[in-house]
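Good morning, everyone. Please have a look at the chain on the screen, and keep it open while I talk.

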Amino acid sequence: MDNKTAKADYTINDLIAKRWSARAFSDRPVEKQKVMSLLEAARWAPSSSNEQPWRFIVFTAENNKEMLEAARSVLSEGNSYARKAPVLMCAVAKRTYTHNDKDNRHYMHDVGAATAYMFLEAYNQGLAMHVMGGFDVEKARQSFEIPQGFEPATMIAIGYYGNPETLPEKPREKELAPRSRKPIGELAFSGRWGSTTSII
Ligand SMILES: Cc1cc2nc3c(=O)[nH]c(=O)nc-3n(C[C@H](O)[C@H](O)[C@H](O)COP(=O)(O)O)c2cc1C
C-alpha cells in the first residue's frame with residue numbers, strides 16, 4: 001500500500017522503506033519455493049559467534065492442517081487477523097551457545113535479526129508479513145513440542161496481501177494509518193547518552 005512507504009528523512013534502501021506489518025491476508029496459498037526463500041534469507045543473518053540461535057516452526061494447510069489450526073489457536077484475540085494467513089511460523093530462540101553451553105546474552109537479539117531478514121525477503125517476494133509477540137507462549141511450547149533450552153519468541157503471519165476492507169474496525173484503522181517513527185534525534189546520541197545537539 002502506498003501510504004505505508006516510510007516517509008524517510010534520509011535515503012534508504014527501497015525494501016526497507018516499503019516493508020510494513022500487514023494485517024489483511026488473502027487465502028491464496030504461498031508457493032513452497034517462496035517459503036523456502038524466506039527461511040534462506042533468515043539463515044544469512046549475522047549472529048553472536050555465528051550461533052544462529054533461531055529456529056522456525058512452519059505451519060501450512062498443505063503440510064499439516066491440524067498443526068496450522070493449533071498455531072492459529074495460540075494467537076491472542078488482538079491478533080485474530082493473522083488467523084487468515086495461509087502460512088504461520090513460530091520463531092524460537094536457543095538460550096545457550098552450543099560450543100560451551102553458556103548463556104547466550106544475544107539470543108533474542110539474533111532471532112530478531114533473522115526475522116528482520118525474513119521480513120525484507122517477504123516483501124522482495126511480493127508477500128506480506130506480520131511479526132507478533134501477542135500469543136500464548138506456554139500453549140505454543142506444549143503444542144509445538146518445543147524442548148527445554150529453547151524459547152518461543154514470536155509468531156509470524158505470512159501470505160499474499162488481501163482486502164483491508166474485510167478487517168474488523170480496530171485492525172482496519174491500524175491497517176490504513178500511515179507508519180510512524182520517532183525522530184532520529186530521539187534515537188541516536190553523539191558521543192555520550194542524551195547528547196543530541198549534532199549527531200555527526
Ligand atoms: C517483537 C515484535 C512483536 C510484535 N507484536 C505484535 C503483536 O502482537 N500484534 C501486532 O499486531 N503487531 C505486533 N508487532 C508489529 C509492530 O506493532 C509493528 O512492527 C510496528 O507497529 C511498526 O509497524 P511496521 O512494522 O508496519 O513498520 C510486533 C513487532 C515485533 C517486532
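Which helix does Ile184 lie in? Ile184 sits in helix 7, which covers residues 184-187. Before I go on, one caution: this is a predicted model.

Back to Ile184. Its relative accessible area is 42%, so Ile184 counts as partly exposed.

Gly191 is in the segment after helix 7. Is Gly191 buried or exposed? Gly191 is exposed, at 90% relative accessible area.

Next, the annotated region. UniProt, in an unreviewed entry, places the feature "domain: Nitroreductase" at residues 16-160. Over residues 16-160 the chain is 37% helix and 21% strand. The end C-alpha atoms of that stretch are 18 Å apart.

Now let's go inside. How many residues does the largest nonpolar core have? That core has 50 residues. Those with the most contacts inside it are Phe56, Met118, Phe144, Met155 and Ile158. Several elements give two or more residues to this core, including helix 2 (32-43), strand 1 (54-60), helix 3 (61-74) and strand 2 (87-94). Helix 4 (107-124), strand 3 (128-132) and strand 4 are also among them. The largest share, eight residues, comes from helix 4.

Take Phe144 as an example. Leave out residues up to four places away in sequence, and Phe144 still touches Ile57, Phe59, Met67, Ala70, Ala71, Val74, Cys90 and Met155.

Then Phe150, in strand 4, residues 150-159. Phe150 has a relative accessible area of 17%. The cut-off for buried is under 20%, so Phe150 counts as buried. Setting aside neighbours within four places in sequence, Phe150 is in contact with Arg55, Val92, Ala93, Lys94 and Arg141.

On to charges. Side chains of opposite charge can pair when their charged atoms come close. How many salt bridges does the structure hold? The structure holds nine. I'll show three of them.

One joins Arg28 and Glu31, with the closest N and O atoms 3.8 Å apart. Arg28 is partly exposed, at 43% relative accessible area. Glu31 is partly exposed too, at 35%.

Another joins Glu51 and Lys94, with the closest N and O atoms 4.0 Å apart. Glu51 lies in the loop between helix 2 and strand 1, while Lys94 lies in strand 2, so this pair ties together parts that are 43 residues apart in sequence. Both Glu51 and Lys94 are buried.

The last one I'll show is Glu138 with Arg141, at 3.3 Å from N to O. These two are three residues apart in helix 5, residues 137-143, so about one helical turn separates them. Glu138 is partly exposed, at 43% relative accessibility. Arg141 is partly exposed as well, at 21%. Which residues do shared partners join into one network? They are Arg95, Glu138, Arg141 and Glu151.

Methods: Residues numbered from 1 in each chain as written. Predicted model: local features only at pLDDT ≥ 70, side-chain atom pairs only at ≥ 80, totals over all residues. Heavy atoms only, no water. Helix = DSSP H or I, 4+ residues; strand = E, 2+ residues; numbered from the N terminus. Buried < 20%, exposed > 50% of the residue type's maximum accessible area, 1.4 Å probe, protein only. UniProt positions renumbered as here; feature names shortened; annotations may be inferred. Contact = heavy atoms within 4.5 Å. Core = buried A, V, L, I, M, F, W, Y, C linked by side-chain atoms within 4.5 Å. Salt bridge = Lys/Arg side-chain N within 4 Å of Asp/Glu carboxyl O.
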